[in-house]
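The following note sets out points on the model for a colleague's review. Please read each point beside the coordinates.

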Amino acid sequence: MRVVITGAAGFIGSHLSETLLDRGHSVVGIDNLLTGDIANIAHLTGRDFVFLKHDVTNYISVDGPVDLVLHWASPASPIDYLELPIPTLKVGALGTHKALGLAKAKGARFVIASTSEVYGDPLEHPQKETYWGNVNPIGPRGVYDEAKRFAEAMTVAYHRYHGLDAKIVRIFNTYGPRMRIRDGRAVPTFIAQALRGEDVTIFGSGTQTRSFCYITDLVDGILRLADSPVNDPVNIGNPHELSIEEIAKVIIRMTGSKSRLVQRPLPTDDPKVRKPDITRARTLLGWEPKVSLEEGLTSTIEYFRKKI
C-alpha cells in the first residue's frame with residue numbers, strides 16, 4: 001500500500017510510519033511540526049518514506065495513488081491544546097475536512113484518530129462506543145474534546161454521503177518511547193520527575209483512574225481496524241484500570257527513585273474515571289493488548305533515561 005499519515009512526526013504517527021514501512025508499505029508523512037518532532041522520523045530516512053512539511057488545515061496535495069489515509073494531526077496533550085486552542089479546533093475541523101477530501105479524491109480508505117476524550121467526564125463506566133459522552137463544550141478541555149467529536153461527525157458524513165470507507169479509532173491513554181519529556185500527560189511527566197529525583201506531582205487526590213496501553217499494542221489495533229470492513233467507532237485501549245496514584249508509585253519503584261508524591265489542584269473537567277470497553281475490538285478485530293504495564297514501562301523508562 002501507499003499510505004499518507006498526517007501528524008507523522010508525532011508520538012503515535014511516527015510509530016505508525018515505522019510499522020507500515022516494516023510491513024513493506026510506502027509512507028508519505030505530513031506534519032507542520034507544531035507539536036511533532038522531526039527527530040521522531042529521522043531514522044526513516046533512506047526507506048520508502050517521504051516527508052512533507054505542511055499544515056493540513058490547508059489543501060493537501062499528494063501526487064500519485066494513495067490507498068490509505070491515517071489522519072493523526074492534532075495537538076494531543078492538555079498542555080498543547082490549552083496553549084494552542086484555536087489550532088486544535090482548526091485541525092479537528094478544517095484538517096479533517098482536507099484529509100477526508102484527499103481520501104475521497106484518491107479512492108482511499110480513511111482512519112481518523114479520535115480519542116476517549118469524546119466521552120468527557122463519563123457517567124458510564126467502562127465506556128462503550130455507544131455512549132454519547134459527558135463533555136463541557138465551553139470548558140478549557142472543550143477545544144480538544146469538541147474538535148474530535150466534530151471530526152467524528154464529519155468522518156461519518158463522508159462515509160454516509162460519499163460512500164467513503166472511513167473508520168474511527170477512539171484511542172485511550174497510550175504511552176511509550178518518543179513521548180515528549182514535557183508532554184504534560186501522566187506517564188512521561190512521572191517518569192521525568194522520578195528520574196530527576198523531583199517530587200512526583202499528582203493532580204487532585206490521585207484516586208482518578210486511567211487505563212494505559214503500550215504503543216505497539218495501539219498500533220496493532222489501529223492497523224487491524226484499517227484492514228477491516230468495520231465503519232463504526234472502535235475503542236482501542238488497555239482495560240487494566242489504575243489510579244493515578246498507583247501508576248505514580250509503580251514508576252517511582254521501577255526507576256529506583258527517592259521521589260515523593262505531592263498533590264496539586266485537580267484541573268477543570270479532568271475525568272474521574274477512564275476505562276475502555278474493548279468488546280467491539282475483541283469481537284470485530286480479534287484484538288486485545290498483549291504488553292504488560294511493567295514490560296511497557298521498562299522500555300519507556302529506558303528511552304527517557306537517554307533523554308534526561
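**Notes on the predicted model**

At 52% relative accessibility, Lys272 counts as exposed, where buried means under 20% relative accessible area, exposed over 50% and partly exposed in between, with a 1.4 Å probe and protein chains only. The model is predicted, so local features need pLDDT of at least 70 and side-chain atom pairs count only at pLDDT 80 or more, while totals for chains, interfaces and linings use all residues. Residues are numbered from 1 along each chain as its sequence is written, and side-chain values use heavy atoms, with hydrogens and water left out.

1. The partner of Lys272 is Asp121: their side chains meet in a salt bridge at 2.7 Å, N to O. A salt bridge here is a side-chain nitrogen of Lys or Arg within 4 Å of a carboxyl oxygen of Asp or Glu. Helices (H or I, at least four residues) and strands (E, at least two) are DSSP runs, numbered from the N terminus. In contrast to the exposed Lys272, Asp121 counts as buried, at 16% relative accessibility.

2. A salt bridge also joins the side chains of Arg170 and Glu152, at 2.7 Å, N to O. Arg170 belongs to strand β6 and Glu152 to helix α4, 18 residues apart, and the pair links distant parts of the chain. Arg170 is buried, with a relative accessible area of 7%. Glu152 counts as buried as well, at 9% relative accessibility.

3. The side chains of Asp199 and Arg260 meet in a salt bridge of 3.3 Å, N to O. Asp199 lies in the loop between α5 and β8 (200-203) and Arg260 in the loop between α7 (244-255) and β13, so the pair ties together parts that are 61 residues apart in sequence. Asp199 is partly exposed, with a relative accessible area of 30%, and Arg260 is exposed, at 53%.

4. The structure holds 20 salt bridges. A network of salt bridges links Glu117, Arg141, Arg210, Asp270 and Arg274.

5. Arg178 is found in the loop between β7 (174-175) and α5 (186-196). With a relative accessible area of 13%, Arg178 is buried. Its side chain makes a polar contact of 2.9 Å with that of Glu18 and a polar contact of 3.4 Å with that of His43. A polar contact is a pair of N or O atoms within 3.5 Å; within protein, one must be able to donate a hydrogen and the other to accept it, and residues adjacent in sequence count only if both atoms are side-chain atoms. Leaving aside neighbours within four places in sequence, the residues in contact with Arg178 (heavy atoms within 4.5 Å) include Phe11, Ser14, His15, Asn40 and Tyr303.

6. The structure holds 5 aromatic pairs. One of them, Tyr119 with Phe172, is tilted, at 6.1 Å centre to centre and 40° between the planes. Rings of Phe, Tyr and Trp (its six-membered ring) pair if their centres lie within 6.5 Å; planes under 30 degrees apart count as stacked, over 60 as edge-to-face and the rest as tilted. Both Tyr119 and Phe172 are buried. The rings of Tyr303 and Phe304 have their centres 5.7 Å apart and their planes at 80°, so this pair is edge-to-face. Phe304 is buried, with a relative accessible area of 0%. Ring pairs also link Tyr119, Tyr131 and Phe172 into a cluster.

7. Strand β2 (residues 26-31) has 6 of its 6 residues buried, so it is largely enclosed by the rest of the structure. In a regular strand the side chains alternate between the two faces of the sheet. Both faces of β2 are covered: Ser26, Val28 and Ile30 on one side are buried, as are Val27, Gly29 and Asp31 on the other.

8. Strands β1 (residues 2-6) and β2 run parallel and are joined by 5 bridges; two strands pair if DSSP finds at least two bridges between them. Arg2 stands opposite Ser26 in β2. β2 also pairs with strand β3 (residues 49-53) in the parallel sense, over 5 bridges, and Val27 stands opposite Phe49 in β3.
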